[in-house]
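Dear colleague,

I am passing on the structure we spoke about, and my notes follow directly below it. Please read them with the coordinates open beside you.

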Amino acid sequence: MDFIDKEILDYSENHTTAESKVLKELTRDTYANILMPRMLSGHLQGRLLSMFSKMISPTNILEIGTFTGYSAICLAEGLAHNGTLYTIEVNEELEEMILSYFEKAGISSKVKLIIGDALKIISELEVEFELVFIDAEKINYANYFNEVISKVKTGGYIIADNVLWSGKILGNQQGKLDKDTDALVKFNKFIQDSPLVENLLLPIRDGLMIMRKI
């Protein structure tokens, strides 16, 4: 993810609304105790997710891939009154940590954490979403999109994380792709060609694909 100039990144963070105490604590806890802590959304991306959510004021949000709960806390900041965030995490070992930080952030009553296979769970949800955030298995990004698009309200948004994959998506020019990179290259093209959405690939952190359902 370190392909943006560090001085520019630092400057951007220094001119962005600060994280809450809870988010700072969650970041420290994640980096100290969880494998692959860089999966956490972080300051800039977290504030962007919060800003999107506040602009939309969604009644229902779906998050695919909770990790330790950072992005869920940010997304929940913009929920409409009596709104609900549904967040799906495959790793049951993270459940206790996630729930503890939801409680610390004061969002427990607004969030439904579901542990399990997202592709199976999404098909069972009878909810219309105004905002969806995808940050789970990269090889399934297109599958997540296909599963959820019918449940997104017209004019609603889907955001997919990691679509630049530390710049490795450009490796297709040399024909050297691992399975995740290959999946993301195909996903980006799939979205670019899709008649179902208009899209913007935003080069923040590790790349965010912003999609608006037409």
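**Helices α7 and α8**

Please keep in mind throughout that the model is a predicted one. Two packed helices are described by the angle between their axes and the distance between the axes. For α7 (residues 141-148) and α8 (residues 179-193), the axes come within 9 Å and cross at roughly 35°.

Helix α8 has 15 residues, and its reach from the first C-alpha to the last is 21 Å, which is close to the 21 Å expected at 1.5 Å a residue. Its buried residues are Thr 181, Ala 183, Leu 184, Phe 187, Asn 188 and Ile 191. Because these residues cover an arc of only 160° around the axis, they are on the same side of α8. The other side of α8 has Lys 179, Lys 186 and Lys 189, which are exposed. As for what the buried residues of α8 pack against, the partners are α7, β5, β6 and β7, and this leads on to the sheet.

**The sheet**

Seven strands form an open sheet with mixed pairing, and their order is β3-β2-β1-β4-β5-β7-β6. Its edge strands, each of which pairs on one side only, are β3 (111-115) and β6 (197-202). From one strand to the next, the twist averages 15°.

Strand β7 (residues 208-213) runs antiparallel to strand β5 (residues 152-161), and five bridges join the two. Within that pairing, Asp 161 has Leu 208 of β7 as its bridge partner, while Ala 160 has Met 209 of β7. The pairing of β6 with β7 is likewise in the antiparallel sense, and it extends over six bridges. Leu 208 of β7 is here the bridge partner of Leu 202. Strands β6 and β7 form a hairpin that has five residues between them, and in the turn Arg 205 has a positive phi of about 50°. As to burial, β7 is mostly covered, with five of its six residues buried.

**Helices on the sheet**

Which strands does helix α3 lie across? Helix α3 (residues 43-56) lies across β1 (60-64), β4 (129-134), β5, β6 and β7, and it runs at about 170° to β4. Helix α5 (residues 95-104) also packs on the sheet, where it touches β2 (84-89) and β3, and its direction makes about 175° with that of β3.

Helix α3 has 14 residues and reaches 20 Å from its first C-alpha to its last, close to the 20 Å expected at 1.5 Å a residue. Ten of those 14 residues are buried, so that α3 is mostly covered; among them are His 43, Gln 45 and Arg 47, together with Leu 44, Leu 48, Leu 49 and Phe 52. Just after α3, Ser 57 takes a positive phi of about 50°.

**Two single residues**

Leaving aside neighbours within four places in sequence, Ile 64 is in contact with Ile 88, Ala 118, Ile 122, Val 132, Phe 133, Ile 134, Asp 135, Ala 136 and Tyr 144. From Ile 64 to Glu 198, the separation is 134 residues in sequence and 21 Å in space, C-alpha to C-alpha.

Lys 110 lies in the loop between α5 and β3. With a relative accessible area of 34%, Lys 110 is partly exposed, since that class lies in between the under 20% of buried residues and the over 50% of exposed ones. Not counting residues up to four places away in sequence, Lys 110 touches Leu 79, Gly 83, Thr 84 and Leu 85. Lys 110 and Leu 99 are eleven residues apart in sequence, and their C-alpha atoms are 12 Å apart in space.

With best regards

Methods:
Residues are numbered from 1 along each chain as its sequence is written. This is a predicted model: local features need pLDDT of at least 70, side-chain atom pairs count only at pLDDT 80 or more; totals for chains, interfaces and linings use all residues. Side-chain values use heavy atoms; hydrogens and water are left out. Two strands pair if DSSP finds at least two bridges between them. Helices (H or I, at least four residues) and strands (E, at least two) are DSSP runs, numbered from the N terminus. Axes are lines fitted to C-alpha atoms, for helices over the stretch in contact, and angles run from 0 to 180 degrees between N-to-C directions. Contact means heavy atoms within 4.5 Å. Buried means under 20% relative accessible area, exposed over 50%, partly exposed in between (1.4 Å probe, protein chains only). The expected span of a helix is 1.5 Å times one less than its number of residues. The arc is that of the directions from the helix axis to the C-beta atoms.
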